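Here is a friendly walk through one predicted model, with its sequence and coordinates to hand.

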Amino acid sequence: DLNTDLAGWSAVGDATWVGSDDADGCTGGAGFSGSVTVDAGPPPNPGDATVAAAYPQECITVLPGETIYTEVSYKSEVDADVVGVYFDTDNCTGGQIEEPIAGNFTATAVWARVAETITVPKGALSMLVVWAAADPNGLPFSTSWDRVYVGRRARVFSDDGRIELLFLEA
């Protein structure tokens with residue numbers, strides 16, 4: 001729940017919970033609102049891209065061809081995207097298939113809300129959903145995420161800004 005801390009979340013880069021910066025303009029002084037900001041660390045090798053990513057530690061059991069719906073509010077100094085990290089087992093272990101960071105979300109200095117669907121590829125039995133950004137030139141940057149939704153159906157309503165993971169039996 002990004003409203004109070006980063007419990008249940010992992011990151012690539014240096015992640016910080018920020019109570020004073022929220023997609024809805026609320027501040028978390030009372031501990032009831034906030035977002036995650038991730039600063040891209042140095043690239044693993046000279047010439048590699050820098051990456052900043054955040055994702056809930058929620059393994060999702062999936063079937064090939066299934067559609068997963070996502071939404072997020074974000075702001076980023078570089079283009080960003082939602083990425084599926086897939087596994088050939090039903091518990092997010094084993095062989096891994098990663099999608100590239102396509103950069104479908106344009107860099108923006110102000111909060112923007114985007115929705116994107118993910119189609120599960122052949123051979124995948126579980127997945128993690130990751131919101132990520134990359135700088136191909138290996139330069140440092142920051143990206144922020146809030147108001148996350150992941151589900152097997154398009155989101156219809158949300159009124160509280162908390163992380164929403166909705167997985168109904170297929």
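Cys 59 has a relative accessibility of 32%, so this residue counts as partly exposed, whereas Cys 92, at 16%, counts as buried. For these labels, buried means under 20% relative accessible area, exposed over 50%, and partly exposed in between, with a 1.4 Å probe and protein chains only. The model is a predicted one: local features need pLDDT of at least 70 and side-chain atom pairs pLDDT 80 or more, while totals for chains, interfaces and linings use all residues. Residues are numbered from 1 along each chain as its sequence is written, and side-chain values use heavy atoms, leaving out hydrogens and water.

The two cysteines form a disulfide (a pair of cysteine sulfur atoms within 2.5 Å), with their sulfur atoms 2.2 Å apart. The link of Cys 59 and Cys 92 is right-handed, with 95° about the S-S bond. Cys 59 sits in the loop between strands S4 and S5 and Cys 92 in the loop between S7 and S8, so the pair ties together parts 33 residues apart in sequence. Strands here are DSSP runs (E, at least two residues), numbered from the N terminus.

| Strand | Residues |
|---|---|
| S4 | 50-56 |
| S5 | 60-61 |
| S7 | 80-87 |
| S8 | 96-98 |

Now for the interior. A nonpolar core is a set of buried Ala, Val, Leu, Ile, Met, Phe, Trp, Tyr and Cys residues joined through side-chain atoms within 4.5 Å. The largest one has 29 residues, and Phe 105, Met 127, Val 129, Trp 131 and Trp 145 touch the most other members. Strand S10 gives the most to this core, with 4 residues. Apart from this core lies another, of 8 residues, among them Ala 53, Phe 87, Cys 92 and Val 130. Met 127 touches both Cys 59 and Cys 92, and its other contacts include Ile 68, Val 85 and Ile 118; contact means heavy atoms within 4.5 Å.

Finally, let us visit a loop. Ala 40 lies between S3 and S4 and, at 11% relative accessibility, counts as buried. Leaving aside neighbours within four places in sequence, Ala 40 is in contact with Thr 50, Val 51, Ala 52 and Phe 141. The C-alpha atoms of Ala 40 and Phe 141 are separated by 5.6 Å, although the two residues are 101 residues apart along the chain.
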